[in-house]
Amino acid sequence: MNTLGERIKWARANAGLSQTELGQKLGYGDKAKSRISNWETNISSPSVEQLAKLCFILQINPNVLVPVELDELETAAQDYVRNRKISQLNAAGRRKADDYIDDLLAVDKYTIDANSAAGRKSNADIFDNDYLYNHPAFNKPTDPDDETAQKEAHDEP
């Protein structure tokens, strides 16, 4: 399994879902099968948000699909959430946020050493505590039955 598409296909098959079923769970309606097929054949690739939803639906660790260092994955997730927040600000609010960041960077106790793991979560912290899966950036299913079923499936050993 060298490509992202091959890993998506493997994870989908392991979950016992067809391309159509997975695409529908992701909310793609009529284009469900073609969207998943395009990913699995590497014609196109899912966005980071789509990858997060895939991992949630398939109940897999994101590292299965995108083998990267967890620090990189966590940083990308945090950056995504931070950028979503900042994008909701007007120009004056963005300048103010930049000023706050500059002020924080000027104080040693708010910065991390590039060679240190301070302030970083371990694999266990991230995945055992559902850090990524329970983050509001991942749009959980709105149907209470689906959410309950997925939570129960996720909680099983």
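Reader: Where do Arg-82 and Asp-79 lie, and how many residues apart are they?
Author: Both lie in helix α6. They are three residues apart, which is about one turn of the helix. Keep in mind that this is a predicted model.

Reader: Why is the pair of Arg-82 and Asp-79 called a salt bridge?
Author: The closest N and O atoms of Arg-82 and Asp-79 are 2.8 Å apart. The cut-off is 4 Å between a side-chain nitrogen of Lys or Arg and a carboxyl oxygen of Asp or Glu. The pair falls within 4 Å, so it is a salt bridge.

Reader: What makes Arg-82 partly exposed?
Author: Its relative accessible area is 40%. Buried needs under 20%, and exposed needs over 50%. Arg-82 lies in between, so it is partly exposed. Asp-79, with 31%, is also partly exposed.

Reader: How many salt bridges does the rule give?
Author: The count is three. Another of them joins Arg-84 and Glu-49, with closest N and O atoms 3.5 Å apart. Arg-84 is in helix α6 (residues 70–87) and Glu-49 in helix α4, so this bridge ties together parts 35 residues apart in sequence. Arg-84 has 43% relative accessibility and counts as partly exposed. Glu-49 has 24% and is partly exposed too.

Reader: What do the side chains of Glu-40 and Arg-12 form, and at what distance?
Author: They meet in a salt bridge, N to O, at 2.5 Å. Glu-40 belongs to helix α3 and Arg-12 to helix α1, so the pair links parts 28 residues apart in sequence. Both Glu-40 and Arg-12 are buried.

Reader: Which residues of helix α1 are buried?
Author: In α1 (residues 4–14) they are Leu-4, Gly-5, Arg-7, Ile-8, Ala-11 and Arg-12.

Reader: How do you know where on α1 its buried residues fall?
Author: Look down the axis of α1. The buried residues fall within an arc of 160°, so they line one face of the helix. They pack against α2 (19–25), α3 (32–40), α4 (48–58) and α5 (62–65). After α1 comes Gly-16, with a positive phi near 75°.

Reader: Why does Gln-50 count as buried?
Author: Its relative accessibility is 18%. Buried means under 20%, so Gln-50 qualifies. Gln-50 lies in helix α4.

Reader: What does Gln-50 touch?
Author: Leave aside its neighbours within four places in sequence. Gln-50 is then in contact with Tyr-28, Arg-35, Trp-39 and Ser-45. Its side chain also reaches the backbone nitrogen of Ser-47, at 2.6 Å.

Reader: Which residues form a nonpolar patch on the surface?
Author: Leu-104, Val-107 and Tyr-110 form it. Together they have about 270 Å² of accessible area.

Reader: Why is Tyr-110 called partly exposed?
Author: Its relative accessible area is 48%. Exposed would need over 50%, and buried under 20%, so Tyr-110 is partly exposed. A patch residue needs over 30%, so Tyr-110 passes that cut-off as well. Tyr-110 sits in the loop between α7 (91–105) and α8 (123–128).

Reader: What is the secondary structure of the protein, and what share of its residues is buried?
Author: The protein has nine helices and zero strands. Of its 157 residues, 27% are buried. The accessible surface comes to about 10500 Å², and carbon and sulfur atoms account for 49% of that.

Definitions and conventions
Residues numbered from 1 in each chain as written. Predicted model: local features only at pLDDT ≥ 70, side-chain atom pairs only at ≥ 80, totals over all residues. Heavy atoms only, no water. Patch = residues over 30% accessible without salt bridge, like charges linked within 9 Å, V, L, I, M, F, W, Y side chains within 5 Å. Areas by Shrake-Rupley, 256 points an atom, 1.4 Å probe, with all protein chains shown as cover. Helix = DSSP H or I, 4+ residues; strand = E, 2+ residues; numbered from the N terminus. Buried < 20%, exposed > 50% of the residue type's maximum accessible area, 1.4 Å probe, protein only. Arc of directions from axis to C-beta. Contact = heavy atoms within 4.5 Å. Polar contact = N/O pair within 3.5 Å; in protein donor to acceptor, adjacent residues only side chain to side chain.
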